[in-house]
Amino acid sequence: MLTIQFIRNNRATVLKGLRIKNFSQPDLIDKIIDRDNERRSLQVRTNELQAEMNRLNKEIGKLIRAGEEQKASQVKERTSLLKKELETHARDLQHSATDLNDWLVQIPNIPHPSVPAGNTDADNKLIRQGGAIPRLTEDALPHWDLGSKYRLIDFDMGVKITGGGFPVFRGKGARLQRALIAYFLDQNTSAGYEEFLPPLLVNEASGFGTGQLPDKEGQMYHVTGDNLYLIPTAEVPVTNIYRDVILQAKDLPIKNTAYTPCFRREAGSYGKDVRGLNRVHQFDKVEIVQITHPSDSYRALEEMVSHVEKLVTNLELPYRIVQLCGGDLGFTSALTYDFEVFAAAQKKWLEVSSVSNFESYQANRLKLRFRDPADKKSQLAHTLNGSALALPRIMAAILENNQTPEGIRVPEVLCPFMGPGNELIR
RNA sequence: GGAGAGAUGCCGGAGUGGUCGAACGGGGCGGUCUCGAAAACCGUUGUGCUCCUUGCGGGCACCGGGGGUUCGAAUCCCCCUCUCUCCGCCA
């Protein structure tokens, strides 16, 4: 969340940013500032009363030790009145602080100055495009048909076992998934990311830390028996490693990567756009996360974008990079680049990665700080993450784009992971 | 699932209801010594909120979380959460 200090000092900037993000209740900002003023004056008064109370209590202690019981009980009488007043003030202060916090968590991050205004993905800004769009014949099949034809993916089997949106990969399909995971992890670790294999269930505090809770509770599967949530992305456990941590400046940037299955309820989505692997409830993803010094986060963002670009290039997929407009930007993000690859049979661009800088928004929730030996005070770090990469749509594009009358050609970089003689899936 | 133990600062670990923001040890940092380092010795070492006369200033809160008792709680009582050990079950 934004810090109250930032909102107070940059009211105009915040309001402008919220406008670009199409935030529905900008009047919350002034309510927050008013309530904070109230909180401050209550705090001052409460602190004064507490100081007086502490003074009297010490005095009573001294008198009792000196054996002056009489005088002690006189002082005690004075404390009882003070105590009542203190309780009232403390309660009011508590209410103010609670309101303030409830409102603060509802304020999304404000966008970076470069973020274009706009409402939907139609207003996103194309940054660049790469790779050649393959020319397929008219009878080219979408990936869901290829999946059955070559026995790679079985959607009906998933429906039987679990329900819609839980595809089963089998045979070469399962092997291709494994190849992609291994390839991505290898590339990420070569680029300096430390590999993690985190828990897939997280507690409430973790969900709050990265911003999924309390607002987007409905997007996660909730295991009510133990009050745990299935992760919607590895971002949640991997970023929460640093919850309540004060790092040393010299340890930055921290670069982590993790493969995990991801679970998303995505309630209410159905139809043609979500056929096959385009949108599922459980999918595999390899994530990269960076924690940086505030002055370094935009360099890190570009570094992550280049890294992801290299991955899609190596997979020989036609791709484009778009910068999300204000309205399309996630709740916690200041700047996001989406990567889309072209699935040539569906003739559609599919989002396969979202690379974001959250600046200090998550860090503030996480209480993730760092200390520079030069400064006395610790300050909030910046967090970033990106998919490198999400598998289902990559799989969809590979199957569709590489289909030939003889079979599906496996991208060269994946061949070493596919076993001998499997350059072509027949 | 059953039984028990515990939760204190960066770590380990004390703590009779007032002099405890917290002993002691370790670690870190600074210094003395040294050509340099180690050792030794000395000093220092939490987080957050807040105020103003912005000073290397003051006040307040924080000993897992929340309530309670008390003039006063790390310390006593209640509830919750978490961790550990043993048993059971199990990949």
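A: A residue is near a molecule or strand if one of its heavy atoms lies within 4 Å of it. This is a predicted model, in which local features need pLDDT of at least 70 and side-chain atom pairs count only at pLDDT 80 or more, while totals for chains, interfaces and linings use all residues. Residues are numbered from 1 along each chain as its sequence is written, chains are lettered from A in the order in which they are written, and side-chain values use heavy atoms, without hydrogens and water.

Q: How many residues surround RNA strand B?

A: RNA strand B is surrounded by 22 residues, of which Gln43, Gln50, Asn57, Arg369 and Arg371 are the closest. Of the atoms of RNA strand B that come within 4 Å of the protein, 72% belong to sugar and phosphate.

Q: Which helix gives the most to the surface near RNA strand B?

A: Helices (H or I, at least four residues) and strands (E, at least two) are DSSP runs, numbered from the N terminus. H3 gives the most, with 14 residues.

Q: Which polar contacts reach RNA strand B?

A: A polar contact is a pair of N or O atoms within 3.5 Å; within protein, one must be able to donate a hydrogen and the other to accept it, and residues adjacent in sequence count only if both atoms are side-chain atoms. A polar side-chain atom of Arg371 lies 2.6 Å from a phosphate oxygen of RNA strand B. For Ser378, a side-chain N or O atom is 3.3 Å from a phosphate oxygen.

Q: What is the strand order of the open sheet of three strands?

A: Strands of a sheet pair through backbone hydrogen bonds, either parallel or antiparallel. Two strands pair if DSSP finds at least two bridges between them. Here the order is S8-S14-S15, with mixed pairing. Three bridges join S8 to strand S14 (residues 369-371) in the parallel sense, and Ile246 stands opposite Arg369 in S14.

Q: Why is strand S11 described as largely enclosed?

A: Buried means under 20% relative accessible area, exposed over 50%, partly exposed in between (1.4 Å probe, protein chains only). Four of the five residues of S11 (residues 319-323) are buried, so the rest of the structure largely encloses this strand. S11 runs antiparallel to strand S1 (residues 125-130), with five bridges.
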